[in-house]
Amino acid sequence: MPPALLRMFLPTAPLTRDDKWMIALLWAVGMGLGWAQGEASALLPFTRRDLGVTEGGMSLILALARLAAFGAVLLGALADRIGRRRPLIAALGLLILANGASALAPTAVFYGLAQAFARIGGAALSALGVVAMAEGVSPPVRAYAISFFGAATSLGAGLSVLTLPLAEVTDLGEGQSE
């Protein structure tokens, strides 16, 4: 029996094999989601400099991209019609592809469009991840399981700063700073 302090962090009922699988799967999704969302913020000064955009211009680009997150409603409605798995996978794919496009963006407009699609994927993934977790784990451990998804998302965002050293490397591999 674990010490009393640790018991409060354990589920109120034993986790089934399916519960463990769902928690592990959505932990990975949450880490990726957090990383993708945090990376845009962590790399913002470098992105702004590389694209030649002012602080105000970048704020406008990202504000418009965030409005696009309402597109996640379409994926949510689709998930209610056809099931959760395919829209969840589509949202994850959209997030990955859009973030990749953001990293390779040659212009501020392209970056803004890529970030808009990344926001759609991220917002849909957030909602569908919680719904999938709620529907995919045993009722007595739902809140416990969902808390892992939230924690993973937060941890992924925090770890995204690991990419900062890469932002200072030029095409020739030499360090550069402002």
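Begin by selecting leucine 64, which lies in helix α4 of this predicted model. Its relative accessibility is 52%, and because exposed means over 50%, leucine 64 counts as exposed.

**The salt bridges**

Turn next to the charged side chains. Side chains of opposite charge can pair when their charged atoms come close. How many salt bridges does the count come to? The count comes to 3, and each can be visited in turn.

Select arginine 49 and aspartate 50 for one of these pairs. The two residues form a salt bridge in which the closest N and O atoms are 3.5 Å apart. Arginine 49 has a relative accessibility of 26% and therefore counts as partly exposed. Aspartate 50, at 55% relative accessibility, counts as exposed.

Now move to arginine 84 and display its side chain together with that of aspartate 80. The two meet in a salt bridge, with an N to O distance of 2.9 Å. Aspartate 80 counts as exposed because its relative accessibility is 60%.

Glutamate 135 has a relative accessibility of 48%, so it counts as partly exposed.

With Asp80, Arg84 and Glu135 all shown, the view contains a network of salt bridges that links these residues.

**Serine 102**

For the last stop, select serine 102 in helix α6. Is serine 102 buried or exposed? At 9% relative accessibility, serine 102 counts as buried, since the buried class covers values under 20%. To see what surrounds this residue, display Tyr111, Ala114 and Gln115: serine 102 touches these residues when those up to four places away in sequence are not counted.

How values were computed. Residues numbered from 1 in each chain as written. Predicted model: local features only at pLDDT ≥ 70, side-chain atom pairs only at ≥ 80, totals over all residues. Heavy atoms only, no water. Helix = DSSP H or I, 4+ residues; strand = E, 2+ residues; numbered from the N terminus. Buried < 20%, exposed > 50% of the residue type's maximum accessible area, 1.4 Å probe, protein only. Salt bridge = Lys/Arg side-chain N within 4 Å of Asp/Glu carboxyl O. Contact = heavy atoms within 4.5 Å.
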